[in-house]
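My entries follow the structure shown here.

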Amino acid sequence: MSLTKAERTIIMSMWSKISTQADAIGIEALERLFTSYPQTKTYFPHFDLHPGSAHLRSHGSKVVAAVGDAVKSIDNISGALSKLSELHAYILRVDPVNFKLLSHCLLVTMASHFPADFTAEAHAAWDKFLSVVSSVLTEKYR
């Protein structure tokens with residue numbers, strides 16, 4: 001699945017706004033993930049998963065930074081996220097479905113932070129982009 005030029009433009013344009021609120025979006029997306037899909041907590045037994053915890057802030061920042069790496073390397077997402085894919089597949093052994101769940105939580109969080117910018121076209125572009133990111137993160141599972 002490849003992104004069109006229009007979709008890339010939407011992603012890059014919105015990213016400039018999203019990146020200014022990266023920490024808030026990261027922590028909120030994780031809080032949403034753990035509330036909506038409590039089974040995902042099993043991958044974080046050593047984390048304090050209470051809202052606003054230092055662990056959630058730290059990991060939320062990492063999640064959004066990885067999305068930022070994918071945006072910056074939008075023409076080579078696979079190369080940009082290769083090490084992250086290996087980590088999640090071989091060391092952490094995260095069930096691939098969790099990437100889709102997190103993508104959904106990121107979409108909802110971005111929509112709530114940027115309602116005027118999150119048009120139907122933006123929603124579709126981000127959904128497609130995050131699907132590509134999820135697919136790249138599961139490449140090493142095959």
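Which residue forms a salt bridge with Arg8, and how far apart are the closest N and O atoms? I looked it up and found Asp75, with the closest N and O atoms 2.1 Å apart.

Before going on, I noted the ground rules. This is a predicted model, in which local features need pLDDT of at least 70 and side-chain atom pairs count only at pLDDT 80 or more, while totals for chains, interfaces and linings use all residues. Residues are numbered from 1 along each chain as its sequence is written, and side-chain values use heavy atoms, with hydrogens and water left out.

**Entry: salt bridges**

I wrote down the general idea that side chains of opposite charge can pair when their charged atoms come close. I counted a salt bridge where a side-chain nitrogen of Lys or Arg is within 4 Å of a carboxyl oxygen of Asp or Glu. By this rule there are four salt bridges.

Asp75 lies in the loop between α3 and α4 (77-80) and Arg8 in helix α1 (residues 5-18), so this pair ties together parts that are 67 residues apart in sequence. I took helices (H or I, at least four residues) as DSSP runs, numbered from the N terminus. For accessibility I used relative accessible area: buried is under 20%, exposed is over 50%, and partly exposed is in between (1.4 Å probe, protein chains only). Asp75 is exposed at 68%, whereas Arg8 is partly exposed at 24%.

Next I looked at Asp117, which forms a salt bridge with Lys17, the closest N and O atoms being 2.9 Å apart. Asp117 is in the loop between α6 and α7 and Lys17 is in helix α1, so the pair ties together parts 100 residues apart in sequence. Asp117 is partly exposed at 26%, and Lys17 is partly exposed at 39%.

Glu28 and Arg32 form another salt bridge, with the closest N and O atoms 2.7 Å apart. Both lie in helix α2, four residues apart, about one turn of the helix.

**Entry: the largest pocket**

I took a pocket as an open set of points on a 1 Å grid over the protein atoms alone, where a 1.4 Å probe fits, with protein on both sides within 12 Å along at least five of seven lines; lining residues have an atom within 4 Å of a point. A volume is the space filled by probe spheres set on the points, which are joined across faces, edges and corners. The largest pocket has a volume of about 550 Å³. Of its 26 lining residues, the closest to the centre are His59, Val63, His88, Phe99 and Leu102.

Notes
Helix = DSSP H or I, 4+ residues; strand = E, 2+ residues; numbered from the N terminus.
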